[in-house]
Amino acid sequence: MKSILLATLLLIGCNRQATTSSTNLPYLQGKMVKVLDGDTFDLLTDPPSRQSAAETVRIRLDGIDCPEKNQPFGKDATQYLTDQISGKSLRVTGTKKDRDGRLIGTVFVAQKNVNQLLVHNGLAWHFTQYSKDSTLANLERDARRRRVGLWADAQPVAPWEWRKKKHPK
């Protein structure tokens, strides 16, 4: 009971902070047209004006790394992301692109931070190689303690380790 209350308070606090601090950041608004995996999807942007056309932008969720599709919990993460964003109005904040040209972004559905929800539910790692976000670190620590999602596995393998084993350089 205590852990549920703590997680709820963390999520509420995180969402307030994220939406408050992100209101001045550049953002895209639109709808998901395709989910590629648990941390990547295509967003069809709302056209900024009648004279402008909508565009499709590939989004990579910031600060997290989900299991690969063929990895344990990969399909679960993909389905969870689909369930969270399908048919909903999305707001994506972010200014950087990765080496593959994907926008690195934080995704909001109403006031919910989807990146944080994936970590909270044990469907993503906090990607510490690229993120020092203490909220994501705390959410992962709590998910591990609760043994939820991929943390129920006796020996979960981080996606970056899985990729190394499957695709050595």
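The legends below describe salt bridges in a predicted model.

Local features were taken at pLDDT of at least 70 and side-chain atom pairs only at pLDDT 80 or more, while totals for chains, interfaces and linings use all residues. Residues are numbered from 1 along each chain as its sequence is written, and side-chain values use heavy atoms, with hydrogens and water left out.

**View 1. Salt bridge between Asp-65 and Arg-60.** The structure holds 11 salt bridges, a salt bridge being a side-chain nitrogen of Lys or Arg within 4 Å of a carboxyl oxygen of Asp or Glu. For Asp-65 and Arg-60 the N to O distance is 3.3 Å. Asp-65 is buried at 1% relative accessibility, and Arg-60 is buried at 9%. Buried stands for under 20% relative accessible area, exposed for over 50%, and partly exposed for values in between (1.4 Å probe, protein chains only).

**View 2. Salt bridge between Arg-102 and Asp-98.** The closest N and O atoms lie 2.6 Å apart. Arg-102 and Asp-98 are both buried.

**View 3. Salt bridge between Arg-146 and Asp-142 in helix 4.** The side chains meet at 2.8 Å, N to O. Helix 4 covers residues 134-146; helices are DSSP runs (H or I, at least four residues), numbered from the N terminus. Because Arg-146 and Asp-142 are 4 residues apart in this helix, about one helical turn separates them. Asp-142 is buried, with 5% relative accessibility, whereas Arg-146 is partly exposed at 26%.

Conventions:
Helices (H or I, at least four residues) and strands (E, at least two) are DSSP runs, numbered from the N terminus.
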